[in-house]
Amino acid sequence: MGKGTKFGNELRRLRISCGLTQQAVADALHVNRATYTYYETGKTTPSVEDLYLLSQLYGRAMEEFFQ
């Protein structure tokens with residue numbers, strides 16, 4: 001896996017700390033696993049809707065992903 005971005009690295013850290021797989025998070029967002037992988041690697045960024053779902057999944061404010 002590449003270096004990624006600060007945002008992507010935070011997504012990966014949160015996912016792992018919650019014991020979730022990329023597939024589980026992708027399923028929660030209703031996206032393909034490859035799409036979610038791109039979020040973690042920085043190839044693409046999630047939509048506002050997906051960012052909201054991520055914040056709900058991890059119990060974090062959306063703004064916290066970018067601090």
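Salt bridges, then: searching the whole structure, which is a predicted model, turns up four of them.

Glu10 and Arg13 are joined by a salt bridge, with the closest N and O atoms 2.8 Å apart. Both residues sit in helix α1, three residues apart, or about one turn of the helix. Glu10 is buried, at a relative accessible area of 16%, while Arg13 is partly exposed, at 44%.

Next, Glu40 and Arg15. Their closest N and O atoms are 2.6 Å apart, again a salt bridge. This pair links distant parts of the chain, since Glu40 belongs to helix α3 and Arg15 to helix α1, 25 residues apart. Are these two buried or exposed? Glu40 has a relative accessible area of 1% and is buried. Arg15, at 9%, is buried as well.

Then there is Arg60 with Glu64, a side-chain salt bridge at 2.8 Å, N to O. Arg60 is partly exposed at 21%; the cut-off for buried is under 20%. Glu64 is partly exposed too, at 30%. Glu10, Arg13, Arg60 and Glu64 are linked in a network of salt bridges.

Now helix α2, residues 22–29. Its buried residues include Gln22, Val25, Ala26 and Leu29. They lie on the same side of α2, because they cover an arc of only 100° around the axis. What do the buried residues of α2 pack against? The partners are α1 (6–17), α3 (33–41) and α4 (48–58). After α2 comes His30, which has a positive phi, near 60°.

Technical notes. Residues numbered from 1 in each chain as written. Predicted model: local features only at pLDDT ≥ 70, side-chain atom pairs only at ≥ 80, totals over all residues. Heavy atoms only, no water. Buried < 20%, exposed > 50% of the residue type's maximum accessible area, 1.4 Å probe, protein only. Helix = DSSP H or I, 4+ residues; strand = E, 2+ residues; numbered from the N terminus. Arc of directions from axis to C-beta. Contact = heavy atoms within 4.5 Å. Salt bridge = Lys/Arg side-chain N within 4 Å of Asp/Glu carboxyl O.
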